[in-house]
Amino acid sequence: MIYLDHNATTPVDPAVAEKMAWFLREHFGNPSSIYPIGRKVKELMNEARERVAASLGVDRGEIFFTGSGTESDNFAIFGTFDAAPEKNEFVTSTIEHPAVIEAAKVLEKRGGKVAYLPVDEYGTVSLDDLRSALTPKTGLVSIMHANNEIGTIQPIAEIVRIAHERDIPVHTDAVQSFGKIDVDARKLGVDFLTVSAHKIYGPKGIGALYIRRGATICPFLRGGRQERGLRAGTENTAGIIGFGEAVRVLEEKGRKELARVEKLAEALKKGIEEKIPGARFNGHPANRVKGTLNFSFPGLEAEAILLALATKEIYVSTGSACSEESEEVSHVLQAIGLPPEIARSSIRMSLGRSNTDNDVAVVLRELPEIIKKLRAITAFHPEG
Ligand code: PLP
């Protein structure tokens, strides 16, 4: 199989699986218990917390484990607005993940005001638009670091500078940038930052929210004192241990592995552009996470391409995993100005650790053939 959907999820690294299996066998204690078997789990959890913190350039005490990237996004948004209800205006973008967009809609239903910043044809927000959207009632700005469908990277440090001049806190969803480019929360200057383990070869169902020391936020789940009272509920201890190990492996592999994947993606991009006339690349040519490739094949339906590739055991996606089951047209591709019929002809290939030179060669052999055949069928049946 050729797996080209690493933005949806990544295969669990063998070292992560091994460490989690060891942990589940050997350590069942509740980290809140004060006797040794509980304290040992707490200690292992803190090692993982330290790893995640160090990789984001922050302190251990600023990392709060959650149940997912989605939960971290919701935590940052609702936690901030609950803490200062009088500041009920939210500034975000049109290309955010549903975890942010749907939370924004809830704020609107509760009487809040939301400004959805548009993006240009490459998927970048404008700093001038940001400036004009901010008001004395803005309680939070949330702009994603890298987009999951097209990979475009936003100018987060500049966004923070503009918002902080007006004392407005900033959250960024770094789920798709973490592990692909440098993500240093301190350098970015953000107040809140979301990450998720299953996008970096860790387990599913475990995420983290960086909360800058001193930032104002309300607890997300209420109950016990876990996660220093901000996220109650007995921790997903094995998930946390797995997350820490995934970060360790990430750092061990380092830049060299990222460069290998980026090179493969560049070769695939170039090959598609050379071999498939009419293929349209979506996203920023340079300022994006390089392993994410989004192409439109005008005149065709993405589902048909996806299914034809799947018969060859090549797995790609039509964009966000969350919209996979719906007929909806990608809000991201519409936001960069694609008409619905072109958006519907688009597939995303996201490369990662599991890919090889041979994968790229096979895709460059199969995909042009598939497109050619589908175009012939579509031309034969003009109603498409
Ligand atoms: N944010 C972005 C940008 C994502 O791509 C995803 C996952 O697709 C999420 C948030 C949600 O993360 P999780 O699957 O851990 O809930």
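Me: Where is E313 found?
Reply: E313 sits in the loop between α9 (302-311) and β11 (314-315). Helices here are DSSP runs of H or I with at least four residues, strands are runs of E with at least two, and both are numbered from the N terminus.

Me: What kind of model is this?
Reply: This is a predicted model: local features need pLDDT of at least 70, side-chain atom pairs count only at pLDDT 80 or more, and totals for chains, interfaces and linings use all residues. Residues are numbered from 1 along each chain as its sequence is written, and side-chain values use heavy atoms, with hydrogens and water left out.

Me: Back to E313. What is its phi?
Reply: About 60°, a positive value, although E313 is not a glycine.

Me: And how accessible is E313?
Reply: Partly exposed, at 45% relative accessibility. Buried means under 20% relative accessible area, exposed means over 50%, and partly exposed is in between (1.4 Å probe, protein chains only).

Me: Which value does phi of Y201 take?
Reply: Phi of Y201 is near 70°, which is positive in a residue other than glycine. Y201 is in the loop between β7 (192-196) and β8 (207-211). Y201 is buried, with a relative accessible area of 10%.

Me: Now the ligand. Which residues come nearest?
Reply: T70, D173, Q176, S196 and K199, out of 13 residues around the ligand. A residue counts as near if one of its heavy atoms lies within 4 Å.

Me: Which helix gives the largest share of that shell?
Reply: Helix α3 (residues 69-83), with three residues.

Me: How does the shell split by class?
Reply: Two residues are nonpolar, eight polar and three charged. Ala, Val, Leu, Ile, Met, Phe, Trp, Tyr, Cys and Pro count as nonpolar, Asp, Glu, Lys and Arg as charged, and the others, Gly among them, as polar.

Me: What does D173 do at the ligand, in distance terms?
Reply: A polar side-chain atom of D173 lies 2.6 Å from a ligand nitrogen. H198 also places a polar side-chain atom 2.8 Å from a ligand oxygen. For G69 it is a polar backbone atom, 2.8 Å from an oxygen of the ligand.

Me: How much of the ligand gets buried?
Reply: The protein buries 89% of the 390 Å² that the ligand exposes when taken alone. These areas come from the Shrake-Rupley method with a 1.4 Å probe; for residues, only the protein chains shown count as cover.

Me: Switching to S93. Buried or exposed?
Reply: Buried, with a relative accessible area of 1%. S93 belongs to strand β3 (residues 89-93).

Me: What does the side chain of S93 reach?
Reply: The backbone nitrogen of I95, at 3.2 Å.

Me: Which residues touch the most other members in the largest nonpolar core?
Reply: L56, I63, V141, V190, L193 and F243, in a core of 59 residues. Helix α8 (residues 237-275) gives this core its largest share, seven residues. A nonpolar core is a set of buried Ala, Val, Leu, Ile, Met, Phe, Trp, Tyr and Cys residues joined through side-chain atoms within 4.5 Å.

Me: Where is K263?
Reply: In helix α8. K263 is exposed, with a relative accessible area of 66%.

Technical notes: A polar contact is a pair of N or O atoms within 3.5 Å; within protein, one must be able to donate a hydrogen and the other to accept it, and residues adjacent in sequence count only if both atoms are side-chain atoms.
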